[in-house]
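I am opening a notebook on this structure and will write down what I looked up, entry by entry. The sequence and the model come before the entries.

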Amino acid sequence: MGKLVLYYDDVSPPVRSCMLLIKMLELDVEYKFVDLFRGGQLDKAFIDLNPNHTVPTLVHDELVITDSHLILMHLCEKFEKDSESEKLWPQEYGERIRVMNMLFFECSVLFRRDSEFLSGIVRGGFASVDLPLHERKLLEAYSMLESYLRRHKYMAGDYMTIADISIVTTLSTVNLMFPIAVGAADKWPLLNDWFARMQALPVYHINQTGLEKLRVVIERIGRFKFPTTSETAKLEAKTEGEDVAEEQADAKNLGNVEENK
Ligand SMILES: N[C@@H](CCC(=O)N[C@@H](CS)C(=O)NCC(=O)O)C(=O)O
């Protein structure tokens, strides 16, 4: 099968999507940790490998793949068993294009909007971000996903594909701030139902673990708490320890890097 190495930090939604798929396909992968909140992605050796210094990065023999969506496609292409019941990456052209369409949506709309929001918190603290603006953009993305789900049961068809795996890791991250359940009755019933189905997957705990790490670190750096039951985050004055100051310095670095993209 050739050697597979995944550079990762599971605070990252696109990393988590690859980890979910790797578990589903039961692949033997060597994991190399890149500590994002300590600037590990800026180490020379890693930049030599991936000039865009992002995780996930997959090395498969001579191939270096630096985008999660392509990693998902590649792993399915190479390792998904050729079975009718396993169509995470379908063969039929039209179905495949629908999957790609949603992967590109994840990349260019959902992840981008989520990343702009979280990068703002990391750069300047929660109090500095334009919450109504981000809320409008992210809730609009929920509504877009709700529209896709009116067409079929999963994001790209009536069965689960890598588009669902990619979307759920970012969506669950956005959900920390803007709970989908709040709009379950009226605005996003289908999205809420789809999210529950995805959370019931046997591998979902992998996403939950990274998500929890991200929640803790973003709350500490941003000096706030994500909401628990209400839609509104509560600002919370926190005492800054040395650890926080150090993380903020590194996080500023990360924020600058993301801003330049
Ligand atoms: N479109 C890329 C996005 C990857 C990405 O932006 N990863 C972030 C973490 S979520 C990262 O590594 N940021 C570090 C940096 O930009 O220096 C993918 O899906 O793989």
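Is Asn50 buried or exposed? I counted the neighbours in this predicted model and found 20 other C-beta atoms within 10 Å of Asn50, so this residue is buried. The cut-off matters here, because a residue counts as buried if 20 or more other C-beta atoms lie within 10 Å of its own.

**Entry: around Asn50.** I placed Asn50 in the loop between α2 and β3. Leaving out residues up to four places away in sequence, I noted that Asn50 touches Thr57, Val64 and Thr66. For Thr66 I also looked up the distance: Asn50 and Thr66 are 16 residues apart in sequence, and their C-alpha atoms are 6.7 Å apart in space.

Entry: His53 is not a glycine, yet I read a positive phi of about 35° for it. His53 has 19 C-beta neighbours inside 10 Å and therefore counts as partly exposed. Pro56 is found in the loop between α2 (44–49) and β3 (57–60) as well, and the peptide bond that joins Val55 and Pro56 is cis, with omega at about 5°.

**Entry: another positive phi.** I then turned to the loop between α1 (13–24) and β2 (30–33), which is the place of Glu26. Glu26 has a positive phi of about 55° although it is not a glycine, and with 7 C-beta neighbours inside 10 Å it counts as exposed.

**Entry: β1 and β2.** I looked up how strand β1 (residues 4–8) pairs with β2, and found the parallel sense, over four bridges. The chain crosses from β1 through α1 to β2, and I noted this β-α-β crossover as right-handed. Within the pair, Leu6 stands opposite Tyr31 in β2.

**Entry: the nonpolar core.** The largest nonpolar core has 64 residues, and of these Cys18, Leu21, Leu72, Met102, Ile162 and Ala163 touch the most other members. I listed the elements that each supply at least two residues of this core, among them β1, α1, α3 (68–79), α5 (131–151) and α8 (205–222). The largest share, ten residues, comes from α4. I followed up Ala163 and found that it touches Val99, Met102, Leu103, Met155 and Ala156, not counting residues up to four places away in sequence.

**Entry: the whole protein.** Of its 261 residues, buried ones make up 38%. Among the contacts with a separation of 6 or more, I noted that residues 24 or more positions apart account for 71%.

Notes:
Residues numbered from 1 in each chain as written. Predicted model: local features only at pLDDT ≥ 70, side-chain atom pairs only at ≥ 80, totals over all residues. Buried ≥ 20, exposed ≤ 12 C-beta atoms within 10 Å, placed from the backbone. Pairing = 2+ DSSP bridges. Right-handed = clockwise from strand over helix to strand, strands pointing away. Core = buried A, V, L, I, M, F, W, Y, C linked by C-beta atoms within 7 Å. Contact = placed C-beta atoms within 7 Å.
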